[in-house]
Amino acid sequence: MAASARKIEAKRSDESCCGGNGAPAGQPINVDLARIERAVREILTAVGEDPDREGLLETPARVARMYAEMFSGLAQDPRIHTQKFFTEEYDEVVLVRDISFCSMCEHHLLPFIGTAHVAYIPEGKVIGLSKIARVVEVISRRPQVQERMTEDIANLLVDELGAKGVAVVIEASHSCMTIRGVKKPGSSMVTSAMKGVFRSNLSSRAEVMQLIYGNRR
Ligand SMILES: [Zn+2]
């Protein structure tokens with residue numbers, strides 16, 4: 001399999017993953033914006049600020065909209081992106097590399113930003129590459145820990161595609177570790193979830209890791 005495995009790379013997107021491209025944020029209908037605004041005013045007051053000074057007047061509303069965007073994945077089912085598939089006999093590795101994302105650490109409500117690499121070996125069913133990026137996007141827009149995010153993406157693809165193998169590797173920088181606490185800028189966290197043949201077969205696992213990390217400059 002190693003020599004013939006085809007590698008499909010996602011284009012590195014130029015847009016910032018934190019909503020720089022003006023794409024529809026998919027705001028969940030259940031977010032109580034007014035309640036967030038009140039809470040943000042409380043926080044400002046609690047740290048000794050005056051929430052009524054000019055520079056802060058619109059901050060609570062702005063923060064409320066930001067949370068609605070950052071947590072929009074709570075109101076979405078990522079499975080809507082895996083419903084359209086194609087029947088293909090292709091049974092080598094399909095890899096989408098460098099899917100940028102921005103999620104929110106559920107322990108500190110601080111962003112963690114990174115890239116996801118998602119590979120699978122089809123069992124008759126393939127889906128569009130952009131759909132894999134959509135799945136990552138929806139799952140990332142939730143209060144999250146990176147370990148669960150990695151598992152959730154992998155399990156969803158196993159369930160929906162019945163793939164022979166699924167491998168998900170996520171690398172991210174956690175602002176709760178870089179800007180506060182132990183303060184280690186430049187550190188990153190890597191998590192992986194290996195399912196099916198990528199779990200049971202060492203050479204398949206080595207192959208997918210080589211596809212993800214090989215021939216990097
Ligand atoms: Zn954290």
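V168 stands opposite A193, a residue of strand 7. The pair belongs to a predicted model in which strand 6 (residues 165–174) and strand 7 run antiparallel, joined over 8 bridges. In all, the secondary structure of the protein amounts to 7 helices and 7 strands.

**Overall composition**
- Read from the N terminus, the order of elements in the protein is α-α-β-β-β-β-α-β-α-β-α-β-α-α.
- Of the 217 residues in the protein, 41% are buried.
- When contacts between residues at least 6 apart in sequence are considered, 73% of them join residues at least 24 apart.

- An open sheet of 5 strands has the order 5-2-3-6-7, with mixed pairing.
- Strand 5 (143–144) and strand 7 (189–196) each have a single partner strand, so they stand at the edges and one side of each lacks a neighbour in the sheet.

**Helices on the sheet**
- Helix 4 (residues 146–161) lies across strand 2 (94–105), strand 3 (110–121), strand 5, strand 6 and strand 7, and makes an angle of about 25 degrees with strand 7.
- Helix 7 (residues 202–213) also packs on the sheet, where it touches strand 2, strand 3, strand 6 and strand 7; its direction is at about 45 degrees to that of strand 6.

**Helix 4 in detail**
- The end C-alpha atoms of helix 4 are 23 Å apart, in agreement with the 22 Å that its 16 residues should span at 1.5 Å a residue.
- The buried residues in helix 4 are Q146, M149, T150, I153, A154, L156, L157, E160 and L161.
- Because the buried residues of helix 4 fall within an arc of 155 degrees when seen down its axis, they line one face of the helix.
- G162 follows helix 4 and has a positive phi, near 55 degrees.

- The relative accessibility of C105 is 6%, which is under the 20% cut-off, so C105 counts as buried.
- C176 has a relative accessible area of 13%, and therefore it is buried by the cut-off of under 20%.

Conventions. Residues are numbered from 1 along each chain as its sequence is written. This is a predicted model: local features need pLDDT of at least 70, side-chain atom pairs count only at pLDDT 80 or more; totals for chains, interfaces and linings use all residues. Side-chain values use heavy atoms; hydrogens and water are left out. Two strands pair if DSSP finds at least two bridges between them. Helices (H or I, at least four residues) and strands (E, at least two) are DSSP runs, numbered from the N terminus. Contact means heavy atoms within 4.5 Å. Axes are lines fitted to C-alpha atoms, for helices over the stretch in contact, and angles run from 0 to 180 degrees between N-to-C directions. Buried means under 20% relative accessible area, exposed over 50%, partly exposed in between (1.4 Å probe, protein chains only). The expected span of a helix is 1.5 Å times one less than its number of residues. The arc is that of the directions from the helix axis to the C-beta atoms.
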